[in-house]
Amino acid sequence: GGLPLSHSRAVFISMLPPNISYEELCSAVGEYGPLESVKIIPDKRHGFVNFVDPADALQLMASTGQQVPLRGKLTLLQWGKARPVPNDLMQAIRTGATRSIYVCNVPEGASEAALTAVFSPYGELESVRMVPKKRAAFANYTCVASAIQARERLHGRARPAPFAEAAAAEAAGEAGKRG
């Protein structure tokens, strides 16, 4: 596609490298503005990126010549069709909602796999990052709506099972050190 579809916020990416990760795709396009959602269709090697603001999609398309490097090869970008961002989601974004959740008080023994188990029921994850020295982590979703849902369901609740198990192991280890 040449001209923008009435200032679309959607970009379609064809011929993605095999087994490309969400993290790689987001790194290639995310610097142009906040992403509302990202979707990879592995068997077709296609991807869809929806920016929050159509001006950011336009900036990506205009400044890159409608192609971005992925794994050292230029990959073609085309305009896509996106539904409008629902009003409640746009309001949440305006008040700070993003695709990322900051998680504090992560037990010392918790792993990325445990974190993934806790957060994956709420939507597809782009990545999970542990910050062990701060006992924290980031859960990065492929869409803002999933991050909002996870935060609403988990914020202020008792520790999910994988964290509770890690915390119990941590406590047992501390008790062993004292005994």
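Mentor: The second largest pocket of this predicted model holds about 310 Å³ of space. Its lining is made up of 15 residues. Closest to the centre are Glu36, Ser37, Asn50, Ala82 and Arg83. Sorted by class, the lining has seven nonpolar, five charged and three polar residues.

Now look at where the lining comes from. Strands S1 (10-13), S2 (35-41) and S3 (46-51) each supply at least two residues. S2 gives the most, with four residues.

Those strands belong to an open sheet. Five strands form this sheet, in the order S2-S3-S1-S5-S4. The pairing is antiparallel. S2 and S4 (67-70) stand at the edges with a single partner strand each, so one side of each has no neighbour in the sheet. On average, neighbouring strands of this sheet are turned by 25° against each other, direction ignored.

Go to the pairing of S1 with S5 (residues 73-79). These strands run antiparallel over three bridges. Valine 11 stands opposite tryptophan 79 in S5.

Next come the helices. Helix H1 (residues 22-29) lies across S1, S2, S3 and S4. H1 runs at about 130° to S2. Helix H2 (residues 54-64) also packs on the sheet, touching S1, S3, S4 and S5. The direction of H2 makes about 135° with that of S5.

Then check the aromatic rings. A pair of aromatic rings is described by the distance of the centres and the angle of the planes. With ring centres required to lie within 6.5 Å, the count comes to two aromatic pairs. One of them joins phenylalanine 12 and phenylalanine 48. Their ring centres are 5.2 Å apart and their planes stand at 50°, so the pair is tilted. The class follows from the cut-offs: planes under 30 degrees apart count as stacked, over 60 as edge-to-face, and the rest as tilted. Phenylalanine 12 lies in strand S1 and phenylalanine 48 in strand S3, so the pair ties together parts that are 36 residues apart in sequence. S1 and S3 are both among the strands that supply the pocket lining.

Finally, turn to the other sheet. An open sheet of three strands has the order S6-S8-S7. Here too the pairing is antiparallel. S6 (100-103) and S7 are the edge strands, and each pairs on one side only. The twist averages 10° from one strand to the next. Helix H4 (residues 112-119) packs on this sheet and touches S6, S7 and S8. The direction of H4 makes about 135° with that of S7.

S7 (residues 125-131) and S8 (residues 136-141) pair in the antiparallel sense over six bridges. Valine 128 stands opposite alanine 139 in S8. Four residues lie between the strands of the hairpin. In this hairpin, arginine 135 takes a positive phi near 50°.

Key
Residues are numbered from 1 along each chain as its sequence is written. This is a predicted model: local features need pLDDT of at least 70, side-chain atom pairs count only at pLDDT 80 or more; totals for chains, interfaces and linings use all residues. Side-chain values use heavy atoms; hydrogens and water are left out. Two strands pair if DSSP finds at least two bridges between them. On a 1 Å grid over the protein atoms alone, a cavity is a set of points where a 1.4 Å probe fits but cannot get out, and a pocket is an open set with protein on both sides within 12 Å along at least five of seven lines; lining residues have an atom within 4 Å of a point. Grid points are joined across faces, edges and corners, and a volume is the space filled by probe spheres set on the points. Ala, Val, Leu, Ile, Met, Phe, Trp, Tyr, Cys and Pro count as nonpolar, Asp, Glu, Lys and Arg as charged, and the others, Gly among them, as polar. Axes are lines fitted to C-alpha atoms, for helices over the stretch in contact, and angles run from 0 to 180 degrees between N-to-C directions. Contact means heavy atoms within 4.5 Å. Rings of Phe, Tyr and Trp (its six-membered ring) pair if their centres lie within 6.5 Å; planes under 30 degrees apart count as stacked, over 60 as edge-to-face and the rest as tilted.
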